[in-house]
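Here are a few notes from going through the side chains, in the order I'd look at them on screen. Have the viewer open as you read.

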Amino acid sequence: MVVYFVIAIVVLAIIFVKMSVVIIPQSETKIIERLGRYYATLGPGINIIIPFIDRAKQIVSVQNGRYIYTTTIDLREQVYDFDRQNVITKDNIQMQINALLYFQIVDPNKAVYEINNLPNAIEKLTQTTLRNIIGEMELDQTLTSRDTINSKLRGVLDDATNKWGVKVNRVELQDITPPQSVLQAMEKQMQAERNKRATILTSEGKKQAQILQSEGDKTAIINKAEAAKQEAILNAEGEATARIRKAEAEAIAIEKITEAVGKSTNPANYLLAQKYIAMLQDVASGDKTKTVFLPYEASNLMGSIGGIKELFKGE
């Protein structure tokens with residue numbers, strides 16, 4: 001009988017010791033209440049409590065998408081993947097959004113005593129805040145402003161959950177799904193925009209080609225005009241040079257004639273007589289049916305010829 005009593009005492013002692021020793025893993029904690037009042041927050045390692053007097057406070061947690069009650073509080077960063085929810089934009093477009101929330105419990109005491117169901121409260125707060133933010137934005141702005149939505153949502157949630165001992169580190173929008181009719185309209189709009197850009201690029205290319213062609217024609221006309229101008233200038237300069245050379249040659253000839261006939265005789269009469277003689281030769285060798293009229297001063301021609309005759313006689 002005594003043996004059974006001793007065995008019972010040993011078993012009760014083992015059970016008492018087991019219930020008194022609480023081992024907390026790293027990054028976890030437990031809230032201990034003594035006779036219904038907050039007593040201590042257990043840290044990692046071995047902790048001693050009084051069985052039947054001290055007990056761990058239960059807290060709601062989420063595992064595999066379901067709410068469960070547990071006495072262990074995880075202090076690591078946690079992620080909640082909320083179900084899709086319907087939101088309405090400023091331009092009355094209804095769409096579905098799926099959000100991810102990254103948060104961390106920084107004050108276990110507040111997380112236990114300041115809110116009854118922490119995961120559910122965070123989820124509802126996220127949904128309502130997201131509806132308010134999306135309701136202030138139009139559809140196009142919503143689809144292209146994920147970073148803006150994330151920043152606004154994180155700021156509101158972090159400020160609201162601060163009294164719950166929770167730190168919201170990041171909020172991400174996984175999917176933004178507009179209705180099928182809106183998707184079809186957006187696809188048609190995108191196709192129209194592509195066609196518009198293609199038409200604009202084609203017209204711009206034709207415009208640039210016409211401009212380059214006209215500039216090329218303009219340059220060709222200018223070059224041709226410049227070439228014609230240079231040709232005319234060169235021809236005029238050539239004619240002027242030829243006339244100058246001819247005049248210089250005639251001047252030299254006159255000087256030679258003057259030296260030959262002497263200063264007493266006018267060399268102009270000699271040259272004039274040569275011109276008349278050449279003209280008469282042309283008249284004589286021309287058409288015989290033509291009537292030739294000699295100038296009134298033909299006697300001067302005879303006098304010039306007579307002067308030449310006298311000149312050659314002197315020589």
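1. A word on the source before the rest: this is a predicted model. Start with Tyr 113, which is partly exposed at a relative accessible area of 34%. Tyr 38 is also partly exposed, with 39%.

2. Tyr 38 sits in strand β3 (residues 37–42) and Tyr 113 in helix α2 (residues 108–113), so the pair ties together parts that are 75 residues apart in sequence.

3. What about Tyr 80 and Phe 103? They form an aromatic pair too, edge-to-face, at 4.8 Å centre to centre and 70° between the planes. This pair links distant parts of the chain, with Tyr 80 in strand β9 (residues 78–81) and Phe 103 in strand β11 (residues 94–105), 23 residues apart. Are these two buried or exposed? Tyr 80 has 8% relative accessibility, so it counts as buried; Phe 103 has 1%, so it counts as buried as well.

4. Phe 103 turns up again in the largest nonpolar core, which has 33 residues. Phe 103 is listed among the residues with the most contacts inside that core, along with Ile 97, Leu 101, Leu 118 and Ile 122. Which elements supply at least two residues each? They are β11, α2, α3 (118–135), α5 (146–160) and β12 (166–177). There is also a second, separate core of 5 residues, including Val 22, Ile 32, Leu 42 and Ile 49.

5. Leaving out residues up to four places away in sequence, Ile 122 touches Phe 82, Leu 101, Phe 103, Thr 161, Trp 164 and Val 166.

6. Arg 34 lies over the face of Tyr 39, 3.8 Å from the ring centre. The charged end of Arg 170 sits over the ring of Tyr 102, at 4.5 Å from its centre.

7. Last, Thr 70, which you'll find in strand β7 (residues 66–70). What does the side chain of Thr 70 reach? It reaches the backbone nitrogen of Thr 72, at 3.2 Å.

Technical notes: Residues numbered from 1 in each chain as written. Predicted model: local features only at pLDDT ≥ 70, side-chain atom pairs only at ≥ 80, totals over all residues. Heavy atoms only, no water. Helix = DSSP H or I, 4+ residues; strand = E, 2+ residues; numbered from the N terminus. Buried < 20%, exposed > 50% of the residue type's maximum accessible area, 1.4 Å probe, protein only. Phe/Tyr/Trp six-rings, centres within 6.5 Å; stacked < 30°, edge-to-face > 60°. Lys NZ or Arg CZ within 6 Å of the ring centre and 35° of its normal. Core = buried A, V, L, I, M, F, W, Y, C linked by side-chain atoms within 4.5 Å. Contact = heavy atoms within 4.5 Å. Polar contact = N/O pair within 3.5 Å; in protein donor to acceptor, adjacent residues only side chain to side chain.
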